[in-house]
There are 2 protein chains.
Amino acid sequence: MKIEKVEFHYLADDHIRDIGDGSQDALLVHVIMDDGSDGWGECEAAPLVSIAAWCCPMSHLACKPLKMSVIGFEINTPADICMLTEKVRRNSFDLLQADHTLSGIDIALWDMLGHKYGEPVWKLLGYDRAYPKTAYASQLFGDTPQMTYEKAVQSRKAGFRAAKFGWGPFGTRTVREDIAHIDAAREGLGDDLALMVDAGTVWGNDVKRASQVLSALRKARAVWLEEPFASGALKAYAELAATPGCERLLAAGEGAHNPDMAYNLIDFGGLGFIQIDTGRIGGISSAKKVAEYAEKTGITYVNHTFTTSLALSASIQPFAGLRSSSWCEFPVESAAPSRRLTKVRIMPDADGEILLPDMPGLGCEIDLSTIERFGREVTIQYEGETLWKAR
Amino acid sequence: MKIEKVEFHYLADDHIRDIGDGSQDALLVHVIMDDGSDGWGECEAAPLVSIAAWCCPMSHLACKPLKMSVIGFEINTPADICMLTEKVRRNSFDLLQADHTLSGIDIALWDMLGHKYGEPVWKLLGYDRAYPKTAYASQLFGDTPQMTYEKAVQSRKAGFRAAKFGWGPFGTRTVREDIAHIDAAREGLGDDLALMVDAGTVWGNDVKRASQVLSALRKARAVWLEEPFASGALKAYAELAATPGCERLLAAGEGAHNPDMAYNLIDFGGLGFIQIDTGRIGGISSAKKVAEYAEKTGITYVNHTFTTSLALSASIQPFAGLRSSSWCEFPVESAAPSRRLTKVRIMPDADGEILLPDMPGLGCEIDLSTIERFGREVTIQYEGETLWKAR
């Protein structure tokens, strides 16, 4: 089958707020083959810019729009999708946004192939089974420790076995306030639930500032400290990881937009957990490579996802068969376009675990009325020629 | 002064060829302050996608279009420009293309400030003087060893003291052919000229394949081997660098789109030379940080540039005052929009050296007729609203 058409759907809430919630818009990718087969994927990326990377004019040999590599490419096997990934990277490595656009296309192709063969993606990836993953309720810190406490209580009451708090005021004020938030989270969760803390790169590369919350994290039995530093600050990660009491505590990787960046965090950053967003790293093909490398090096693989059930499914497939990597990010505060994208939402079961559907492809049915409701029109023209026009 | 307006000019040749020549198009940035001061910069990036990163709708807190951070920002000192760089990175770190767009804006602001104060940028950067740099004629390998030989002869006749050959067939066929190209280049240059070889990331992360050209490079007394691997393949760089005879031979860094990526190549990649494109890394502010780090760690800093005199000047300013970093990339095969952008081209002198003009800002006067001749119209609309329309 050849790739005949790639459609992008830019979904956005009616009002986008200036908060750390990436679910307020979404870029859906619909791939259609020349025999009518199709599949859906999603880029975790700036929608308009990612569409521009699809349709822009060529600058030179290594700065081509993705459409030049993708349209007409023959896809019959998983290996073909991986070959397309390599082709796009070779043809577009000077086009910075390309990895984000590629991600949604790659995911849609895996979905398409799963439907074609009647198999879930994790089977096409070579796994015998999909292990249940323990969902952690992923949410923002409250504005005050009291609000963080109340959110934690809410997560416990909702039946989660773990919760992660991130962003908001954490790291931006005093160490004392950070510690109050950590303590409040632990108190609200009670003794049994696992706690993760996400600093959202707030400390840049300031190892000393980050190290001041370590004893509070230990006392609260935090499973990990996520992104204390900018995603490429390898030396800062390595230095903090070498601090006594910080062994295997650090988590990072969501910013990785190719497998090399994830390998570098593993090889040189001293991580305990590598967190990959399939919607950024180049899709399922690239994420699976990182999952294999994590398995080989004894690092725990965790999905990063903050938007739709489609993105959640795509983010779990690459490590579905890794028994030892058992945590799963589950966003609990999604905005409407993300919440309503699929007809059925993937949810934790009564034990707080998520099991991927044993259904073809990604196992998600898109609710076209949500595209109708939240779809936004984009037009891009060059020298009077319309390169892109769609909603 | 506040930033009042940022104009982007998308220049492109009439016909873009599918070759490794990034000078066929250009994205010029013209920054205008509220007191009428102005400056020019250039992004080494896909023009249309970089414009989209400027004007797209906000996705969330860390995925904002650059205009939200830039317009109205107060710039009176060099430190203000660095603060703006940090603000853009904080506000847009999930917008992958942002670093490339930022680069041209940052460069234009340095140019503006230089004109305002009547000082060349290198003085604003704290250097007492600009040392002359030895230009190497940067060009593609010929299709055959004979053509490479002829290009080398041409560089020698043109008075260059060094030449670099890259891309083209190199690395894509047999080791024997690679060696023939290296030998031909050395033969054409004669004994005295310095030779650099650029593999253009052709070997991905294949250390064994790369190591097969090492003895030929040694025999030809190559100054460096550039980008044998993808720009993030740190482990492959480290492994090749540890091969006997490869000490301080490796050069890389042009793909770095923030200072961390360059630091990582220095800290973990075993490089001898770090090559920075100010049009990609976030501009002069970011490049200067890398120059300082190179100086501190004893690595040679080299500019990467392949387009206009404006880009060449911007690429040299950050290391103008570093005496020990004395090589300078000089593109010799530029296409028309790049060649004709400035009224006066910066050229090597009779000794094959380049000295930055002791003139305010970047010392370049833009030829507006070139913008008129090669400017291309771009229109971007969202929900019927025109976000961008200009040529």
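Colleague: Is Gly200(B) buried or exposed?
Modeller: This is a predicted model, in which local features need pLDDT of at least 70 and side-chain atom pairs count only at pLDDT 80 or more, while totals for chains, interfaces and linings use all residues. Residues are numbered from 1 along each chain as its sequence is written, chains are lettered from A and ligands numbered from 1 in the order in which they are written, and side-chain values use heavy atoms, with hydrogens and water left out. Gly200(B) sits in the loop between strand E6 (194-198) and helix H8 (207-211) of chain B, where helices (H or I, at least four residues) and strands (E, at least two) are DSSP runs numbered from the N terminus. Its relative accessible area is 6%, and since buried means under 20%, exposed over 50% and partly exposed in between (1.4 Å probe, protein chains only), Gly200(B) is buried.

Colleague: Which residue of chain A is in contact with Gly200(B)?
Modeller: Contact means heavy atoms within 4.5 Å, and neighbours within four places in sequence are left aside for Gly200(B). Within chain B, Gly200(B) is then in contact with Trp167(B), Glu226(B) and Glu227(B). From chain A, the residue in contact with Gly200(B) is Phe93(A).

Colleague: What value does phi of Trp167(B) have?
Modeller: Trp167(B) lies in the loop between strand E5 (162-166) and helix H7 (175-189) of chain B, and it counts as buried because its relative accessibility is 19%. In chain A, Trp167(A) lies in the loop between strand E5 (162-166) and helix H7 (175-189), with a positive phi near 60 degrees. Although Trp167(B) is not a glycine, its phi is positive, at about 55 degrees.

Colleague: Within what arc do the buried residues of H10(B) fall?
Modeller: Helix H10 of chain B covers residues 234-241, and its buried residues are Leu234(B), Ala236(B), Tyr237(B), Leu240(B) and Ala241(B). Seen down the helix axis, these buried residues line one face of H10(B), the arc being that of the directions from the helix axis to the C-beta atoms. The arc within which they fall is 165 degrees.

Colleague: What separates the C-alpha atoms of Thr342(A) and Ser309(A)?
Modeller: Thr342(A) is in the loop between helix H14 (336-339) and strand E12 (353-354) of chain A, and at 5% relative accessibility it counts as buried. Apart from neighbours within four places in sequence, Thr342(A) has contacts that include Ser309(A), Leu310(A) and Cys364(A). Thr342(A) and Ser309(A) are 33 residues apart along the chain, and their C-alpha atoms are separated by 6.6 Å.

Colleague: Does Glu385(B) count as buried or partly exposed?
Modeller: Glu385(B) lies in strand E15 (residues 385-390) of chain B, and its C-alpha atom is separated by 45 Å from that of Asp358(B), 27 residues away along the chain. Because its relative accessibility is 48%, Glu385(B) counts as partly exposed.

Colleague: What radius of gyration does chain A have?
Modeller: Chain A has 15 helices and 15 strands, and buried residues make up 66% of its 391 residues. The radius of gyration is taken over C-alpha atoms, and the globule rule is 2.2 Å times the number of residues to the power 0.38. A compact globule with 391 residues would therefore come near 21 Å, which agrees with the radius of gyration of chain A, 20 Å.
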